[in-house]
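Open the model in your viewer and keep the selection tool handy. We will go from stop to stop, selecting residues and looking at what surrounds them.

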Amino acid sequence: MPSLIFIPGESRADDPYAQLRDQLVQERIATAGVTDSRVLEAIRSTPRHEFVPASERRRAYYDMALPIGHSQTISSPFIVAMMTEALQPETTDKVLEIGTGSGYQAAVLSPLVEHVYTIEIVPELGERAADVLAKLDYENVSTRVGDGFLGWPNAAPFDKIIVTCSPESVPQPLIDQLREGGMMIIPVGERYQQTMYRMIKKDGKLERQPLRPTLFVPMTGEAEDSRQLQPDPKNPQVINGDFEQMAEEGDGEMVDVVPGWYYGRQVRQVTATSNDRGQGKHFARFENITPGRNSHLLQGIAIDGREISMIRLSGQVRTVNVEKGPTPDALPMVAISLYNETRQDLGTFWLGPFRGTRDWRPSSRLIRIPPTTHEAILRIGLFGATGQADFDDVKIEPVK
């Protein structure tokens, strides 16, 4: 396995991205709850810029997912770190990864385990990832192009399995190929409503522990063909936009959890008091004291731009002592980004931004939807600002 350096033969002093990786780990990943020092060092020592297209290289060390072509993305560094830590990697582990994508997750795992076997269903992505991993001397990573639903029978059993795409339910071949007592980290659920699970195989069956809501691209191939519940892009709507649905007790290690939303940071659901006039029983509250630190919620939504030409985005917002963060857009807002079928960005629209101290106030705007729109990401939060921001009644309504 490679040592924890960026590019063989190149020192950190020669690496123009070293400082950006250090900053990413210190400000975005460690502060978000990843504590395993080996995992943090693996993120700090893996050249993410080598695994993204040249057009995205300037954003390689932003804590965000990026398009890599063929309707696929490279996961955000925090999600890669979180999943890697949840997998509890040991140096003796033989690990199967489903969904090679760019190869970045396999590269992060490489110095932490004995061997990584990784499968990608899109030939162009699998071949490109294999070339990058070979160029960077990740000798303990084996790649294959194929349907991850079927696993890698010839290399089984595996101590650990990590799945970086989402099926509706766990494929039986993966259960069969996990050794007794082995662990699987996998996002499972509907297309835009998923939960990341840690699963342990006991007596041939999986015991599951929810970790956090999440959003991954679907597992294609046989897994997608057998999906029972499909999104309704002709009727886009926000799930739990009134925040009345609360997280259930006994949800394991899940933190910053708001049902229907994912990637929560520094957020909690608050029970309304008599001072919260006009609201329901609950709303979402974001609080941050460190400029630039993430505090937000996200939600994926299917939208068919061929059927819907305009939507109304609305919500209610209250702020207390909000001050702008270190970037121009580091202020509270309700933002929606639109994407086409290949996940190209079609534009971002927002309510706000909101500053200072203001009581509850409704905001809304009409947004024209491009015909090529396939899906959207809705974002609410402080986005690096400091202070407190409360959100309620967040809605998307098609306009006829």
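Start by selecting Tyr-262: leaving aside neighbours within four places in sequence, its contacts (heavy atoms within 4.5 Å) are Pro-213, Thr-214, Leu-215, Leu-297, Leu-298, Gln-299, Gly-300 and Ile-377. Tyr-262 sits in the loop between helix H7 (222-225) and strand E10 (267-271); helices (H or I, at least four residues) and strands (E, at least two) are DSSP runs, numbered from the N terminus. Draw a distance from Tyr-262 to Thr-214: the two are 48 residues apart in sequence, yet 4.9 Å apart in space, C-alpha to C-alpha. Tyr-262 counts as buried because its relative accessibility is 5%; buried means under 20% relative accessible area, exposed over 50% and partly exposed in between, with a 1.4 Å probe and protein chains only.

A word on what you are viewing: this is a predicted model, in which local features need pLDDT of at least 70 and side-chain atom pairs count only at pLDDT 80 or more, while totals for chains, interfaces and linings use all residues. Residues are numbered from 1 along each chain as its sequence is written, and side-chain values use heavy atoms, with hydrogens and water left out.

Now colour by pLDDT, the predictor's confidence in each residue, from 0 to 100. The protein chain averages 91, and 94% of the residues score at least 70. Over residues 1-11 the pLDDT is below 50, although this stretch has 28 contacts in the model beyond near neighbours in sequence. Where pLDDT is low, the predicted coordinates should not be read in detail.

Next, select helix H1 (residues 18-29) and look down its axis. The buried residues of H1 are Ala-18, Arg-21, Asp-22, Leu-24, Val-25 and Ile-29. They fall within an arc of 155°, so they line one face of the helix; the arc is that of the directions from the helix axis to the C-beta atoms. On the other side of H1, Gln-19 and Gln-26 are exposed.

Keep Ile-43 in view: its contacts beyond four places in sequence include Arg-21, Leu-24, Val-25 and Ile-29.

Finish at Thr-319, in strand E13 (residues 310-323). Thr-319 counts as buried because its relative accessibility is 0%. Show its side chain: a polar atom there lies 3.1 Å from the backbone oxygen of Gly-356. Gly-356 is also one of the residues that Thr-319 touches, along with others including Pro-332, Phe-354 and Gln-388.

Key: Polar contact = N/O pair within 3.5 Å; in protein donor to acceptor, adjacent residues only side chain to side chain.
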